[in-house]
Amino acid sequence: FGDSFIAQIRIADSESTLENYSDDKLIQVGKDICNSSNQWTDEQASLNIIFNLLNENEIEVYINNRIIPILRFQSTYELCPENISDLEDLFTDAK
């Protein structure tokens, strides 16, 4: 479980933000991100929530780090596809 998620995150982590974090920890963070999707009122709110989750898990990252939207996307599609509508709503509501 989560193999594809980990593979995609490791590839996308061009700034090596997550290189010191175990696969198990990243999967748990991904699940936490999924569980937060019901709080995503807009795109910026989702980024802020994920940023805070990363910091709570001792993953130091800047709010503008490109890994945050990548984690949002990959967590949703790979770990909790039942929440895809929450992700899609961020972008359809913004139009």
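Me: How do you know whether the radius of gyration of the protein agrees with that of a compact globule?

Reply: The model is a predicted one. For 95 residues, a compact globule would have a radius of gyration near 12 Å, and the protein has 12 Å, so the value agrees. Along its principal axes, the C-alpha trace spans about 35 × 30 × 20 Å.

Me: What makes up the secondary structure of the protein?

Reply: There are five helices and zero strands, and the order along the sequence is α-α-α-α-α.

Me: Why are Cys34 and Cys80 called a disulfide?

Reply: The cut-off is a pair of cysteine sulfur atoms within 2.5 Å. The sulfur atoms of Cys34 and Cys80 are 2.2 Å apart, and the two residues form a disulfide. A search of the whole structure finds one disulfide.

Me: What parts of the chain does the pair Cys34 and Cys80 tie together?

Reply: Cys34 belongs to helix α2 (residues 23-35), while Cys80 sits in the loop between α4 (67-79) and α5 (84-92). The pair therefore ties together parts that are 46 residues apart in sequence.

Me: What is the handedness of the disulfide of Cys34 and Cys80, and why?

Reply: The torsion about the S-S bond is about -90°, so the disulfide is left-handed.

Me: How do you know whether Cys34 is buried or exposed, and likewise Cys80?

Reply: Buried means under 20% relative accessible area. Cys34 has 4%, so Cys34 is buried. Cys80 has 3%, so Cys80 is buried as well. Of the 95 residues of the protein, 46% count as buried.

Me: How do you know whether the span of α2 agrees with its number of residues?

Reply: At 1.5 Å a residue, the 13 residues of α2 should span 18 Å. The end C-alpha atoms of α2 are 18 Å apart, so the span agrees.

Me: Which residues of α2 are buried, and how do you know where they lie around the helix?

Reply: The buried residues of α2 are Leu26, Ile27, Val29, Gly30, Ile33 and Cys34. Seen down the helix axis, they fall within an arc of 160°, so they line one face of α2. The face turned away from that buried side carries the exposed residues Asp24 and Asn35.

Me: What do the buried residues of α2 pack against?

Reply: They pack against α1 (3-12), α3 (43-56) and α4.

Me: What share of the contacts in the protein between residues at least 6 apart in sequence joins residues at least 24 apart?

Reply: The share is 57%.

Key. Residues numbered from 1 in each chain as written. Predicted model: local features only at pLDDT ≥ 70, side-chain atom pairs only at ≥ 80, totals over all residues. Heavy atoms only, no water. Helix = DSSP H or I, 4+ residues; strand = E, 2+ residues; numbered from the N terminus. Buried < 20%, exposed > 50% of the residue type's maximum accessible area, 1.4 Å probe, protein only. Expected span 1.5 Å × (residues − 1). Arc of directions from axis to C-beta. Contact = heavy atoms within 4.5 Å. Rg over C-alpha atoms; globule rule 2.2 N^0.38 Å.
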